Amino acid sequence: MSDVIAAMRILDAAALRARIDMPRAVRALQAALRAGFDPDDDPPRSIVDVRHGQLLLMPADLGRYAGQKLATVAPSNPARGLERIQAVYVVLDAESLTPVALLDGTELTSLRTPAMSAAMLDLVAEPEATSLVVFGTGPQGIRHVEAMRAIRPIERVRFIGRDRAKALRAVAECAASGLDIAVGDAGDVAEADLVVCATTAREPLFDADLVRDRAALVAVGSHERGVRELPGELLGRAQVIVETDRVARTEAGDVIMAFDEGHLSPADIVPMARIATGVVEVAHDRPRVVKTCGMGWQDLAVAQAALDGDGGA
């Protein structure tokens, strides 16, 4: 009998960071979509409620590999000094289904989520976008600053969060030469070219009227039907881009509640693959809203790039 564990490559967080950076992760995700992969073919994930949170099982099959992520969502973890979302990721040979690698899934998720946001905003945001507002002061908020700087010439960043001390820490962590970065408030949305929502909020974070027609926004904070970060009125006047129709209807609370309120119809949403392949044109006369819940193929595309040293260029 073979020793499966001994034969596997092990990439801890540091090793994963050494093998793939944000720009390469963005390219890998865009390349998967442009090569014809249809996210609708991604197997549905399972979300299991347990006593202190959720277990997420996220399978995928893409290119040379298949994969399975076991992620956990523990809402009380930040108070313990732990990540709210933690994970391990197993990569399998696509033909034999032999396990070939074990990756730090927490680091993979931390990279993949903002990389997916950047991959889509790179396609729909104004080329000269320089002003960024980030709702959320945790790891995802911070990594999204890195992601947005990878695709646009960001000069101004405002962090917004419920805890000012955490917001100040986020500012300090992202401080860089020449970058105007500070703690802000919802009013900063009125001047923003890009808006990132990466929070645990259950209600809209700002008024729809604040958003300029030229702005592009992404909401990544939830995968629950009754949870939203964006007002329905905003989605009603925006071009709304989702991962797939199935995910939007079952997990994307921002979209589902906009449907229920009559601001948006199912025919209005655009799957991201249609934007990436040019089937649907970007609407530059109104806001562009990207709503993602996270899908297994995204983790696998980034993991594959890390293992193969191929960023999708």
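The largest cavity is lined by Asp42, Pro43, Pro44, Arg45, Met58, Arg246, Val247, Glu251, Gly294, Met295 and Gly296. The model is predicted: local features need pLDDT of at least 70, side-chain atom pairs count only at pLDDT 80 or more, and totals for chains, interfaces and linings use all residues. Residues are numbered from 1 along each chain as its sequence is written, and side-chain values use heavy atoms, with hydrogens and water left out. Helices (H or I, at least four residues) and strands (E, at least two) are DSSP runs, numbered from the N terminus.

**Cavity**

- The structure holds one cavity of 30 Å³ or more, and the space in the largest cavity is about 60 Å³.
- A cavity here is a set of points, on a 1 Å grid over the protein atoms alone, where a 1.4 Å probe fits but cannot get out; lining residues have an atom within 4 Å of a point.
- Grid points are joined across faces, edges and corners, and a volume is the space filled by probe spheres set on the points.
- The lining of the largest cavity divides into five nonpolar, two polar and four charged residues.
- In this division Ala, Val, Leu, Ile, Met, Phe, Trp, Tyr, Cys and Pro count as nonpolar, Asp, Glu, Lys and Arg as charged, and the others, Gly among them, as polar.
- Met295, one of the lining residues, lies in the loop between strand S14 (288-291) and H12.
- Met295 counts as buried, at 4% relative accessibility (buried means under 20% relative accessible area, exposed over 50%, partly exposed in between, with a 1.4 Å probe and protein chains only).
- From C-alpha to C-alpha, Met295 and Thr113 are 9.5 Å apart in space, although 182 residues apart in sequence.

**Open sheet**

- Eight strands form an open sheet with parallel pairing, in the order S9-S8-S7-S10-S11-S14-S12-S13.
- Strand S9 (180-183) and strand S13 (270-271) stand at the edges with a single partner strand each, so one side of each has no neighbour in the sheet.
- Two strands pair if DSSP finds at least two bridges between them.
- S7 and S8 run parallel and are joined by five bridges; the bridge partner of Val133 in S8 is Arg158.
- Strand S7 (residues 131-135) is also joined to S10 by four bridges, again in parallel, and Val134 has Val196 as its bridge partner in S10.
- Four bridges join S10 to strand S11 (residues 216-219), and these two run parallel; Val196 stands opposite Val218 in S11.
- Strand S10 (residues 194-197) is covered on both faces, with Leu194 and Val196 buried on one side and Val195 and Cys197 buried on the other.
- In a regular strand the side chains alternate between the two faces of the sheet.

**Nonpolar cores**

- The largest nonpolar core has 95 residues, of which Met148, Phe159, Phe206, Val255 and Trp297 touch the most other members.
- Helix H5 (residues 105-124) gives the most to this core, with nine residues.
- A second, separate core of five residues includes Met58, Ala71, Val73 and Ala87.
- A nonpolar core is a set of buried Ala, Val, Leu, Ile, Met, Phe, Trp, Tyr and Cys residues joined through side-chain atoms within 4.5 Å.

**Aromatic pairs**

- Two aromatic pairs are found in a search of the whole structure.
- In one of them, Phe37 and Trp297 have ring centres 5.5 Å apart and planes at 45°, so the pair is tilted.
- Phe37 is in the loop between helix H3 (22-34) and strand S2 (46-50), and Trp297 is in helix H12 (residues 296-308), so the pair links distant parts of the chain, 260 residues apart.
- Both residues are buried: Phe37 has a relative accessible area of 14%, and Trp297 has 0%.
- Rings of Phe, Tyr and Trp (its six-membered ring) pair if their centres lie within 6.5 Å; planes under 30 degrees apart count as stacked, over 60 as edge-to-face and the rest as tilted.

**Single residues**

- Leu97, in the loop between strand S5 (85-93) and strand S6 (99-104), has a phi near 60°, a positive value in a residue other than glycine.
- Most residues other than glycine have a negative phi.
- Glu146 is in helix H6 (residues 139-151) and is partly exposed, with a relative accessible area of 35%.
- Asp163 is in the loop between strand S8 (156-160) and helix H7 (164-174) and is partly exposed at 34% relative accessibility.

Key
1 Å grid on protein atoms, 1.4 Å probe; cavity = no way out; pocket = protein on both sides within 12 Å on 5 of 7 lines; lining within 4 Å.
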